[in-house]
Amino acid sequence: MQKFDFDGAVTMHRSWKMRFHLALDAIRGPDYDTQPLGDDAQCPLGHWLAGNAGELERFESARELMAIHRDFHRQSESIADDIRKGRVVHLSDKPIAEFSVLSEKIEALLLRLKKDLQTAG
């Protein structure tokens, strides 16, 4: 199995809420392409999960993480689309709050998967 930086992935996914805050103005332009945000295989975690799916499928934490991670990226794309269309303008808006919940779930699942992999040896 490929080695993976779990702590870096936790940090990266924690930072997404701040990225949306900083990107509010940039995303509003009609030329901003939000599609890559929705592709969970484009980030390092998604790439690692896909590349090791066969070995990871025996871990419940990995299966849950794959599903939540996919939802996380779909929600990211949806939020960026909403921002670009002027629908989401505050970090307290419901889609961003829901996104934060997904982010917290990813963080917990990453830590659980890291422990599961260490236990499995």
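Which residues are buried in H6? In this predicted model, the buried positions of H6 are Ile 96, Phe 99, Ser 100, Leu 102, Ser 103, Ile 106, Glu 107, Leu 109, Leu 110, Leu 113 and Leu 117. Helix H6 itself covers residues 94–120. With 27 residues at 1.5 Å a residue, H6 should span 39 Å, and its end C-alpha atoms are 39 Å apart, which agrees with that expectation. Gly 121 follows H6 and has a positive phi, near 75 degrees.

The packing of H6 against helix H1 may be considered next. Two packed helices are described by the angle between their axes and by the distance between those axes. For H1 (residues 6–14) and H6, the angle is about 175 degrees and the axes are 9 Å apart. Angles over 145 degrees count as roughly antiparallel, and H1 is therefore roughly antiparallel to H6. On the H1 side, the contact is made by Phe 6, Asp 7, Ala 9, Val 10, His 13 and Arg 14. On the H6 side, it is made by Ser 103, Ile 106, Glu 107, Leu 110, Leu 111, Leu 113, Lys 114 and Leu 117. Sorted by class, the contact of H1 with H6 comprises eight nonpolar, two polar and four charged residues. Among the H6 residues named here, Ser 103, Ile 106, Glu 107, Leu 110, Leu 113 and Leu 117 are buried.

In one of them, the rings of Phe 4 and Phe 6 have centres 5.3 Å apart and planes at 85 degrees, so the pair is edge-to-face. Both partners are buried: Phe 4 has a relative accessible area of 18%, and Phe 6 one of 9%.

Phe 6 also pairs with Trp 48: the ring centres are 5.5 Å apart and the planes lie at 80 degrees, so this pair too is edge-to-face. Since Phe 6 lies in helix H1 and Trp 48 in helix H3 (residues 44–51), the pair ties together parts that are 42 residues apart in sequence. Trp 48 counts as buried, because its relative accessibility is 3%, and the cut-off for burial is under 20%. Together, Phe 4, Phe 6 and Trp 48 form one aromatic cluster.

Key: Residues numbered from 1 in each chain as written. Predicted model: local features only at pLDDT ≥ 70, side-chain atom pairs only at ≥ 80, totals over all residues. Heavy atoms only, no water. Axes fitted to C-alpha atoms, helices over the stretch in contact; angles between N-to-C directions. Helix = DSSP H or I, 4+ residues; strand = E, 2+ residues; numbered from the N terminus. Parallel < 35°, antiparallel > 145°, perpendicular 65-115°, else oblique. Contact = heavy atoms within 4.5 Å. Nonpolar A, V, L, I, M, F, W, Y, C, P; charged D, E, K, R; others polar. Expected span 1.5 Å × (residues − 1). Buried < 20%, exposed > 50% of the residue type's maximum accessible area, 1.4 Å probe, protein only. Phe/Tyr/Trp six-rings, centres within 6.5 Å; stacked < 30°, edge-to-face > 60°.
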